[in-house]
Amino acid sequence: MLTPEQYLGAMAERIQRAGGRLNSVQIGPATAVVGLFTEQVLLTTMNYCVIAAAVPEVSAAALYDFTGRATQHARANLTGTMGWTAGSVVIAGLVGGRVYPDAAQAASAKSGNQFGGETRMVAVDLSAGQLYAFVGGKLWGAAMQGSVNAKLTYCFPQPAEVYQQVQWQQAQQQPQHPMPAPAPQVPPPPYAGPAGPQPPVYPPPGHAPQQGPYGY
């Protein structure tokens with residue numbers, strides 16, 4: 001099974017690849033991976049805070065508490081004036097070995113619009129290989145929503161995708177041993193009889209040595 005550390009590691013790689021500012025922050029009892037992005041969408045400076053932490057089990061209460069703390073951290077790192085020239089999008093997720101149904105329902109629910117911002121919640125169930133989040137359209141500007149959805153689905157990949165990536169990386173790290181060459185086929189030696197010196201062969205006694213036709 002995929003571990004929470006492996007999933008958060010894959011998230012950190014994606015945040016850096018997308019140009020985000022990666023760091024880690026203590027959010028409550030957990031150390032969270034944080035990615036901060038600042039993008040221009042139309043005439044608004046959009047501040048994205050993608051933040052995730054690992055917990056053994058994800059409940060709705062834990063998800064709401066973590067999201068509230070993550071929102072406070074995001075507002076403290078805002079670029080621009082909230083609501084007028086800047087928007088703040090917080091995408092907060094908890095990664096665990098189990099996600100309770102109330103947490104899955106809370107994460108999948110349509111998030112409410114806020115003044116100049118939005119908060120999305122994500123729950124990742126590693127044992128079931130499921131990711132729960134709201135990814136859909138809302139009235140708060142199609143361009144904004146497309147940008148939010150793209151950020152969420154990229155920074156929070158599906159567990160199966162991360163698992164395949166981890167398997168591939170582990171295969172690349174294993175030392176490649178060349179196959180040994182097959183041994184040459186050597187034919188068996190011819191049968192040489194029993195080992196040891198052979199006694200000389202003498203004619204039987206009482207027989208004269210045989211002579212040629214001319215007596216010698």
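Me: Is Val41 buried or exposed?
Reply: In this predicted model, Val41 has a relative accessible area of 10%, and because buried means under 20%, Val41 counts as buried.

Me: Which strand does Val41 lie in?
Reply: Val41 lies in strand S2, which covers residues 30–41.

Me: And how far is Val41 from Gly87?
Reply: Along the sequence Val41 and Gly87 are 46 residues apart, while in space their C-alpha atoms are 9.5 Å apart.

Me: OK, what does S2 pair with?
Reply: S2 is joined to strand S1 (residues 21–27) by seven bridges, and the two run antiparallel; S2 also pairs with S3 in the antiparallel sense, over nine bridges.

Me: How much of the protein is buried?
Reply: Buried residues make up 40% of the 216 residues in the protein.

Me: What does S7 pair with?
Reply: Four bridges join S7 to strand S8 (residues 130–133), and the two strands run antiparallel. Asp125 stands opposite Gln130 in S8, and the hairpin formed by S7 and S8 has four residues between the strands, with Gly129 in the turn showing a positive phi of about 65 degrees.

Me: New topic: which residues touch the most others in the largest nonpolar core?
Reply: That core has 28 residues, and Tyr7, Val122, Val124 and Phe156 touch the most other members. Several elements each supply at least two residues of this core, including H1, S7, S8 and helix H5, and H1 gives the most, with six residues.

Me: What does Phe156 touch, then?
Reply: Leaving out residues up to four places away in sequence, Phe156 touches a list of residues that includes Tyr7, Met11, Val50, Ile91, Val122, Val124 and Leu131.

Me: And Val95, what is it in contact with?
Reply: Val95 lies in strand S5 and is buried, with a relative accessible area of 0%. Its contacts, leaving aside neighbours within four places in sequence, are Pro4, Tyr7, Leu8, Ala53, Ala54, Val55, Val58, Val124 and Leu126.

Me: Back to H1, how does its length compare with what it should span?
Reply: Helix H1 has 14 residues (4–17), and at 1.5 Å a residue these should span 20 Å, which agrees with its end C-alpha atoms being 20 Å apart. After H1 comes Gly19, whose phi is positive, near 90 degrees.

Me: How do H1 and H5 cross?
Reply: Their axes come within 10 Å and cross at roughly 90 degrees, and that makes H1 roughly perpendicular to H5. Where they meet, Gln6, Tyr7, Ala10, Glu13 and Arg14 are the residues of H1, and those of H5 include Pro159, Val162 and Val166.

Me: What about H2 and H3, how do their axes cross?
Reply: The axes of helix H2 (residues 60–76) and helix H3 (residues 101–108) come within 7 Å and cross at roughly 40 degrees, and H2 and H3 are therefore oblique to each other. The contact is made by Ala60, Leu63 and Tyr64 of H2 together with Asp102, Ala103, Ala106 and Ala107 of H3.

Note on methods:
Residues are numbered from 1 along each chain as its sequence is written. This is a predicted model: local features need pLDDT of at least 70, side-chain atom pairs count only at pLDDT 80 or more; totals for chains, interfaces and linings use all residues. Side-chain values use heavy atoms; hydrogens and water are left out. Two strands pair if DSSP finds at least two bridges between them. The expected span of a helix is 1.5 Å times one less than its number of residues. A nonpolar core is a set of buried Ala, Val, Leu, Ile, Met, Phe, Trp, Tyr and Cys residues joined through side-chain atoms within 4.5 Å. Buried means under 20% relative accessible area, exposed over 50%, partly exposed in between (1.4 Å probe, protein chains only). Contact means heavy atoms within 4.5 Å. Axes are lines fitted to C-alpha atoms, for helices over the stretch in contact, and angles run from 0 to 180 degrees between N-to-C directions. Angles under 35 degrees count as roughly parallel, over 145 as roughly antiparallel, 65 to 115 as roughly perpendicular and the rest as oblique.
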